[in-house]
Amino acid sequence: MLAALHMLVFDRGLGGDGWAGFSLLESIAGDGDVWLENNNRGVMNGLLGTPAGHLVAQYPPGIAALDSLPFAAGRTLDRLLPAGLLANGVELPPVGRVPRGVFLSAALIVLARNAAVLLGLLWTAQALRRLGLPEKRAAAAIAFTFFGGPLIFYALVGMTHAPTFAFAALLLLLLVRQRETDSLNLAFAAGATVGAAVLVRYSAVALLAPALLGVRSWRARIACASAFALLLLPLPLWWHACFGS
């Protein structure tokens with residue numbers, strides 16, 4: 001509740017790498033392509049140049065997939081609200097005043113990031129309790145996880161670290177449960193969770209090491225690695241769409 005209240009009060013718009021994913025969704029919805037030179041609103045964080053002279057997002061496509069529902073919900077809300085409400089636009093960091101529809105879509109994406117952080121905290125708490133930690137000690141660990149590190153910043157500015165944290169927390173819970181049962185299905189789910197995290201941030205590939213070490217048998221490790229590889233099959237297609245190779 002404290003984490004949710006803190007995010008509700010102090011949310012600051014789509015900062016950092018959040019705008020790269022937002023620009024991508026605007027480009028796909030408006031232009032039907034992944035070129036962002038006319039969709040970035042002057043925010044260059046997270047953008048790369050291509051050999052063809054275009055600007056593209058440096059991140060994998062998973063964040064756009066996660067953001068697509070709140071983005072579409074914001075556009076729908078813009079169509080449903082009275083035309084005179086917020087007709088002059090809204091101030092949205094870091095780009096300044098934006099049309100109402102842009103603000104609503106960005107705001108709902110930030111709220112979705114907040115929800116991802118809360119889910120991650122919940123899954124971490126469940127994992128700690130299953131490991132036998134007393135309730136008060138688990139609660140303190142969750143408080144320090146949110147308020148004691150960079151997560152408190154990532155949650156407020158809608159950065160892709162927030163959903164990656166949620167995937168990491170889900171992985172922890174899956175590994176705890178898998179070690180209890182030696183379930184191949186849970187091992188497969190753990191690998192798929194790492195793959196999904198990598199589709200949001202490439203650096204999340206580091207989670208593969210604890211995933212493979214955390215499951216209990218070689219069959220489980222094979223299931224985990226297979227699910228991870230399966231989730232990454234779209235990446236070459238994505239790279240070709242962005243860079244032409």
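Biologist: Which residues in α4 do A3, A4 and M7 in α1 meet?
Modeller: This is a predicted model. Contact here means heavy atoms within 4.5 Å. By that test, A3, A4 and M7 of α1 meet N114, V117, L118 and L121.

Biologist: How many residues of the contact of α1 with α4 are nonpolar?
Modeller: No charged residue takes part in the contact of α1 with α4. One residue there is polar. The nonpolar ones number six.

Biologist: Are α1 and α4 roughly parallel or roughly antiparallel to each other?
Modeller: Helix α1 spans residues 2-10, and helix α4 spans residues 100-130. Their axes lie 10 Å apart, at an angle of about 165°. Angles over 145 degrees count as roughly antiparallel. The two helices are therefore roughly antiparallel.

Biologist: Which element gives the most to the largest nonpolar core?
Modeller: That core has 25 residues; L171, V194, V198, L207, F228 and L232 have the most contacts inside it. Elements giving two or more residues are α7 (161-181), α8 (184-198), α9 (208-214) and α10 (218-231). With seven residues, the top contributor is α8.

Biologist: Which residues does F228 touch, leaving out those up to four places away in sequence?
Modeller: F228 is among the residues with the most contacts inside the largest core. Its partners are G191, A192, V194, G195, V198, V205 and L208.

Biologist: How many residues are in the second, separate core?
Modeller: Its members include W19, L25, A64 and V102. The count for this core is 24 residues.

Conventions: Residues are numbered from 1 along each chain as its sequence is written. This is a predicted model: local features need pLDDT of at least 70, side-chain atom pairs count only at pLDDT 80 or more; totals for chains, interfaces and linings use all residues. Side-chain values use heavy atoms; hydrogens and water are left out. Axes are lines fitted to C-alpha atoms, for helices over the stretch in contact, and angles run from 0 to 180 degrees between N-to-C directions. Helices (H or I, at least four residues) and strands (E, at least two) are DSSP runs, numbered from the N terminus. Angles under 35 degrees count as roughly parallel, over 145 as roughly antiparallel, 65 to 115 as roughly perpendicular and the rest as oblique. Ala, Val, Leu, Ile, Met, Phe, Trp, Tyr, Cys and Pro count as nonpolar, Asp, Glu, Lys and Arg as charged, and the others, Gly among them, as polar. A nonpolar core is a set of buried Ala, Val, Leu, Ile, Met, Phe, Trp, Tyr and Cys residues joined through side-chain atoms within 4.5 Å. Buried means under 20% relative accessible area, exposed over 50%, partly exposed in between (1.4 Å probe, protein chains only).
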